[in-house]
Amino acid sequence: MNVLTLAELETDRGVADLDAVYLVTDRGIVHARNEDAVAAAVLERPDGPAIVLAVSDGVSTSDDPQVAAGAAVRSGVSACLAALAADRTAEEALLQGLEAAFAAVRGLSVGDGHSPSCTYVSAVLRPGRDGECAITVTNVGDSRAYWLSADETGTSSRRLTSDDSFAQLLVASGVDEEAAMRDPRAHVLMRWLGADSDHVPAETPVHSLRVRGPGVLLLCSDGMWNYLPDAEGLAAVATGADPRRAAQDLTDYAVRSGGADNITVALAPVAEGVGQIG
């Protein structure tokens, strides 16, 4: 149950894969360092492999944001894996992972005014019944999860998470999403992981969806979705090539579009067939 992690990298781009999941994180063009992090693991089970993914985006205005992001994904995925190995449900496992991520980031604080902070999105992908796979997701902040369909025979593409941001508050009040994203406060976070956060992990929504492939589960930081936020547009890039190549293609798209933020992509493909992952 090794956790594959890309965090606190000194190179411009990190790439890794576990055959069933593909990870890319890139500094982008504007930032001096990469403050994103991503982790993944595959747990072999009698009913088929369970994939655990997490993406975190360090809050640049906080102290040591890159350290916070790395601590979050490492602790979150490890705790989620342990819970799944103990036969906890995906929902329970994700919340245990979130609690561990919260604790790890809070533990980085060394005193008043020092609060490394980050966003967090995590997912569990497991084989289901009747030709479907089960996706379960949770998030804090504005890193996102998407289901992206490869063709019309599978479950339609859709966004799986809701941002904890000022823009989302505007959307909830009736403002058009494009207009909300143009507001200068759009990316202000309402919830985050950090010692200065009063959010309770147990109160975080967890969402589940059963999907039918072919398609991919995508987790990404806002450095990716800022340039391509709609599920259909993401699907056109993410499902048009081999998943290894597709993860890099998405990252390259964000870099070509401006690369104003760090960019992180985690892709887990779901094949057409009975509960097939990878």
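In this predicted model, the hairpin of strand 6 and strand 7 has 5 residues between the strands, and Asp130 there takes a positive phi near 55°. Strand 6 is largely enclosed by the rest of the structure, because 8 of its 8 residues are buried.

**Strand 6 and its partners**
- Strand 6 is covered on both faces, with Tyr120, Ser122, Val124 and Arg126 buried on one side and Val121, Ala123, Leu125 and Pro127 buried on the other.
- In a regular strand, side chains alternate between the two faces of the sheet.
- Strand 7 (residues 133–140) pairs with strand 6 in the antiparallel sense over 8 bridges, and Thr138 in strand 7 stands opposite Ser122.
- Strand 5 also runs antiparallel to strand 6, joined to it by 5 bridges, and Leu53 stands opposite Ala123 of strand 6.

**Nonpolar cores**
- The largest nonpolar core has 29 residues, of which Leu84 and Leu193 touch the most other members.
- At least two residues of this core come from each of strand 4 (36–43), strand 5 (50–57), helix 1 (65–85), helix 2 (90–106) and strand 6 (120–127).
- Helix 1 gives the most to this core, supplying 9 residues.
- Beyond residues up to four places away in sequence, Leu84 touches Leu43, Arg45, Ala50, Val52, Thr89, Ala90, Ala93, Val124 and Arg126.
- In soluble globular proteins, nonpolar side chains tend to be buried together.

**The open sheet and its helices**
- An open sheet of 6 strands is arranged in the order 2-3-12-11-8-9, with antiparallel pairing.
- Its edges are strand 2 (13–17) and strand 9, each of which pairs on one side only.
- Within this order, strand 11 (residues 215–220) and strand 12 (residues 263–270) are antiparallel and share 6 bridges.
- Helix 7 (residues 243–256) lies across strand 2, strand 3 (22–26), strand 11 and strand 12, and runs at about 150° to strand 12.

**A buried aspartate**
- Asp163 sits in the loop between strand 9 (158–159) and helix 3 (166–172).
- Asp163 counts as buried because its relative accessibility is 6%, and buried means under 20%.
- The side chains of Asp163 and Arg144 are joined by a polar contact of 2.7 Å.
- Apart from neighbours within four places in sequence, Asp163 is in contact with Gly141, Asp142, Arg144, Gln168 and Trp225.

**Backbone details in loops**
- The peptide bond from Gly213 to Pro214 is cis, with omega near 5°, and Pro214 lies in the loop between strand 10 (206–211) and strand 11.
- Asp19, in the loop between strand 2 and strand 3, has a positive phi near 70° although Asp19 is not a glycine. Asp19 is exposed, with a relative accessible area of 54%.
- Asp87, in the loop between helix 1 and helix 2, is likewise a non-glycine residue with a positive phi, about 65°. Asp87 is exposed, at 61% relative accessible area.

Technical notes: Residues are numbered from 1 along each chain as its sequence is written. This is a predicted model: local features need pLDDT of at least 70, side-chain atom pairs count only at pLDDT 80 or more; totals for chains, interfaces and linings use all residues. Side-chain values use heavy atoms; hydrogens and water are left out. A nonpolar core is a set of buried Ala, Val, Leu, Ile, Met, Phe, Trp, Tyr and Cys residues joined through side-chain atoms within 4.5 Å. Buried means under 20% relative accessible area, exposed over 50%, partly exposed in between (1.4 Å probe, protein chains only). Helices (H or I, at least four residues) and strands (E, at least two) are DSSP runs, numbered from the N terminus. Contact means heavy atoms within 4.5 Å. A polar contact is a pair of N or O atoms within 3.5 Å; within protein, one must be able to donate a hydrogen and the other to accept it, and residues adjacent in sequence count only if both atoms are side-chain atoms. Two strands pair if DSSP finds at least two bridges between them. Axes are lines fitted to C-alpha atoms, for helices over the stretch in contact, and angles run from 0 to 180 degrees between N-to-C directions.
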